[in-house]
Every structure is written in C-alpha cells, then in structure tokens.
Amino acid sequence: MTNGDIDLRELHNPDIPVPEEMQSNIAITSLSSLYNWSRSRSIWPMLFGLACCAIEMIATAASRFDVARFGMEVMRATPRQADLMIVSGTVTKKMIVPIVRLYNQMPEPKYVLAMGACASGGGPFKEGYNVVSGIDKFVPVDVYVPGCPPTPQALLNGLIMLQKKIESQSLAVMASVPWYGAGPNDAIPLPMLGPDVVDPRHAELFRQEAKRNRQTPVVADAVAEAAAESRPAEA
Ligand code: SF4
C-alpha cells in the first residue's frame with residue numbers, strides 16, 4: 001500500500017528509521033495526538049481481582065474515587081473486550097496459567113498494570129513455594145503501583161501514568177507502537193510451574209523428553225507412575 005511517494009509498509013518496520021521530515025509531519029503528529037487522546041481516555045480494564053489489593057481496586061471504581069472521570073469505568077468481564085489488565089493481588093503458580101491465557105486473549109494494543117507489592121515482586125509472599133515473584137516474569141508490565149495495598153489514590157496515579165505513556169506513543173515512530181508491526185504477535189507460552197500443575201496426560205511426552213535430554217530415568221518413571229495412578233487399573 002502506498003500513499004503518494006511513501007510506502008506505508010516501510011513505516012511498519014521498526015528496523016527502518018522514520019525520516020525526520022515524517023516525524024515532524026503536522027498531519028501525522030496531529031492524528032497521533034487525537035488518536036492517543038481518545039485511546040487514553042477510554043481504557044477498558046478487565047474485571048478480575050486476585051487478593052486484598054482487589055478490594056482497593058473495587059473502591060477506586062466506586063463513587064468516592066470515581067474512576068469514570070478517566071473514562072475507565074467500563075470494566076469488561078471478557079479479555080476480548082479489554083485493553084488493560086490490572087493484576088491486583090498475589091499471583092500464585094496456579095493462577096499464572098489463566099493470567100497468561102487471558103493476556104494472550106486480549107486484543108492489541110493492550111497494557112498491564114501491576115498493582116501492589118505482590119503483583120510487582122511477590123510482596124510478603126516472595127519466595128513462597130506457591131507464589132510467583134512478580135507478574136513481569138511472565139507478561140510485560142507497563143506500570144507498577146507500589147504499596148501493600150496501594151490506596152485508591154495510588155492506583156489512580158498509576159492509571160494517569162498509563163495515560164501519559166499512551167499519549168507518548170506516536171504513529172510516526174512505529175517502533176513505539178509494536179501492534180502496527182507486520183503480522184500477528186506471537187502468543188506468550190503458557191507456563192508450567194511445579195509438580196502440582198503437571199498434567200498427567202502428558203506423562204508419556206515428559207518421559208520421551210527426559211530420555212531425549214538424558215536426564216535420570218527416575219524422574220521420568222516417577223511421572224509415569226503418577227500418571228498410571230490417576231488412571232483406572234486395567235482388567
Ligand atoms: S500487596 Fe499486600 S494488600 Fe496487595 S495482595 Fe499482596 S499482601 Fe494483599
């Protein structure tokens with residue numbers, strides 16, 4: 001696709017620098033400002049909470065703090081209609097799998113806000129056997145809000161920081177808006193953490209992988225035995 005002498009496909013390639021005259025193009029910069037202003041004032045957060053921080057997030061949406069002032073009151077119960085994931089609470093190893101799955105299901109452009117010490121780095125449960133040390137080890141985080149729990153004012157401040165980040169993205173510099181890149185973005189692989197989330201139906205696959213990697217067969221046998229115990233005994 002071309003626009004006069006400009007090949008628009010080249011603008012989508014972050015490896016190709018945008019000509020200086022294009023970066024200061026009044027039409028593009030004005031369009032960017034209007035486009036980003038609209039996006040930053042109509043963010044739809046996903047409706048879910050994980051732990052105590054979620055109570056403060058709910059308070060932020062209520063009338064006293066009134067997140068509707070920022071155009072963010074439309075919380076969606078499906079990731080396919082949300083563009084902001086507020087991770088509000090402790091992220092356990094069991095929950096990280098659905099969280100990554102939900103993130104993959106959100107359409108671009110999408111943003112992640114880590115609310116509180118737990119979501120940002122594990123918080124008081126850091127290094128716990130069942131807690132991940134920060135959501136940013138699995139999905140990209142745009143804004144961190146510190147606190148245990150953060151106050152509604154702190155969350156509002158984080159949302160304002162996100163608005164500023166969105167406003168700083170430019171249509172002229174495509175490298176700063178990766179969703180304009182050519183082709184779909186790859187989904188983040190679902191993590192599998194710990195023996196409590198191993199699917200016994202994959203035991204044979206694990207055994208083959210273990211043998212291929214020349215690991216001790218004890219590991220593979222233990223997984224196969226666990227899978228066998230989960231199946232009814234053959235007559
Ligand atoms: S950061 Fe504090 S308030 Fe928030 S989920 Fe963790 S323990 Fe609860």
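Where does E127 lie? E127 sits in the loop that runs between α6 (116–121) and β5. The views below are taken from a predicted model.

**View 1. E127, a non-glycine residue with positive phi.** Here's the loop between α6 (116–121) and β5 again, with E127 in it. E127 isn't a glycine, yet its phi is positive, at about 70°. Its relative accessibility is 65%, so E127 counts as exposed.

**View 2. D66, with positive phi as well.** D66 has a phi of about 55°, and D66 isn't a glycine either. Look for D66 in the loop between α4 (52–61) and β3 (84–88). Relative accessibility comes to 29% for D66, so this one counts as partly exposed.

**View 3. The cis peptide bond between E108 and P109.** Omega is about -5° for the bond that joins E108 and P109. P109 has its place in the loop between α5 (93–105) and β4 (111–115).

**View 4. The cis peptide bond from C148 to P149.** This bond has an omega near -10°. You'll find P149 in the loop between β5 (143–145) and α7 (152–168).

**View 5. Stepping back to the protein chain.** Nine helices and five strands make up the secondary structure, and from the N terminus they go β-β-α-α-α-α-β-α-β-α-β-α-α-α. The chain has 235 residues, and 35% of them count as buried. Among contacts with a separation of 6 or more, 74% come from residues 24 or more positions apart.

Conventions: Residues numbered from 1 in each chain as written. Predicted model: local features only at pLDDT ≥ 70, side-chain atom pairs only at ≥ 80, totals over all residues. Heavy atoms only, no water. Helix = DSSP H or I, 4+ residues; strand = E, 2+ residues; numbered from the N terminus. Buried < 20%, exposed > 50% of the residue type's maximum accessible area, 1.4 Å probe, protein only. Contact = heavy atoms within 4.5 Å.
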